[in-house]
Amino acid sequence: MTSLASQFSCHDDYDPNALAVDLGRQLILDTLTPITGIEHIPLRDALGRILAEPVISPIDVPAHDNSAMDGYGLRGDDLAGDSETNLSVIGTSFAGHPFDGPVGPGQAVRIMTGAKLPPGVDTVVMQEVVHATDEQVTVPAGQRKGQNVRRAGEDLRGGVAALAAGRLIRPAELGLIASLGIGEVGVRRRLRVAIFSTGDEVISIGTPAREGQIYDSNRYTLFGMLTRLGFDVIDIGVVRDDPASLETTFREAASIADAVITSGGVSVGEADFTRAMMSKLGEVLFWKIAMKPGRPMAFGRIGKDDNGAWLFGLPGNPVAVMVTFYQFARPALLRLAGVAPLPEQPLLQAACITPIRKAPGRTEFLRGVLFVEDGEWKVRLTGAQGSGILSSMTDANCFIVLGPAQGSVAAGDPVAVQILDGIV
């Protein structure tokens, strides 16, 4: 593998001491290739999985020309144009029970939504506009030949890929595959992600806390964020600030996972042997991201060849862990898992009712509440924005994203908003 340092350093804007958010994200994405391994599973078990191979439609969808609504099927050439058309009603075509015979000139059939068009019928007039008896229907002027008809194969053609490899199977994809009569699909195996926290001050829940110790929340937020993505999570626990323990844990994690996420130990002066251990076991780059919260971050690979894993070393503060995960680790892990194309997270505009002090130079991700007032989208801060205040995430439904060129925000100014629904 080409050295990560040499691969990244060729970028003109690459500065590991002040790396822009967008560039850092793209550098990571450009480095990763999806995992291999395919499982063939029943369709009902495929929700949330990633297609490893295209789904080829074995049939045309719809399988035949059919009516788009309840009404009357007729020959378009019989329409009188600018005047009414009188036709004889010769039967009814139901979905699943089509009319058997042909429809000739001057004739029509009562037809239901989804029913197959009888031979000769190429037009459907909705029932609400006609005057009808059991034996005759009067069609008003202004109807067009070919209207209200769904043609065979207009949704999907037999022999053509209905879904490409890399698609995330959501409820709509599940239904589309079922509409093709396919009961089993090939999906990528689940991504395996190992997580652990570092630090002598960090303890797991269930352990009495001594003075100076804190309960580990980061493994629980990471577990939740990774589980929401459908990955297999391997929770290794809390690792003490001890070189031997750290080396053993890193080696174990790299041997059983595709990616490893740690929290803590990536800041300068913070457990320097943790940084040294990461680099000893592979190639790990330490970045200072031009962002708040979450400035320190590590990315690289530990272990060798097939017995290695990608590493994401996140900060230790709880909010910084979540922000850096969503902005860097989440898209990277989706790429590694085989999702293509990656889902976009558009930035919306809203009027910020809270004034915000900010100096240009970095991207800030503030926790906000997006709401509608007087028909206008508005956003406010959740309150205090410290990187250790996890309640700022529990109260938020969006990030207020202030770009590097932006300065302070006055009340009422428009700001960019990234909605959390769909990524949390």
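Start with the aromatic rings: the count comes to 10 aromatic pairs. Rings of Phe, Tyr and Trp (its six-membered ring) pair if their centres lie within 6.5 Å; planes under 30 degrees apart count as stacked, over 60 as edge-to-face and the rest as tilted.

Select Tyr14 and Trp287. Their ring centres are 6.4 Å apart and their planes stand at 75°, so this pair is edge-to-face. Tyr14 sits in the loop between α1 (4-9) and α2 (21-31), while Trp287 belongs to strand β18 (residues 282-288), 273 residues apart. Helices (H or I, at least four residues) and strands (E, at least two) are DSSP runs, numbered from the N terminus.

A word on the model. It is predicted: local features need pLDDT of at least 70, side-chain atom pairs count only at pLDDT 80 or more, and totals for chains, interfaces and linings use all residues. Residues are numbered from 1 along each chain as its sequence is written, and side-chain values use heavy atoms, with hydrogens and water left out.

Next, the sheet. Which order do its strands take? The open sheet of 6 strands runs β7-β4-β6-β5-β9-β8, with mixed pairing. Two strands pair if DSSP finds at least two bridges between them. Colour the edge strands, β7 (123-126) and β8 (131-132), which each pair on one side only. Now select β5 (residues 85-93) and β6 (residues 107-111): they pair in the parallel sense over 4 bridges. Find Ser93; opposite stands Ile111 in β6.

Last, show helices α4 (residues 218-228) and α7 (residues 318-337). Among the residues of α4 that meet α7 are Leu222 and Met225; the α7 side includes Phe325 and Tyr326. Contact means heavy atoms within 4.5 Å.
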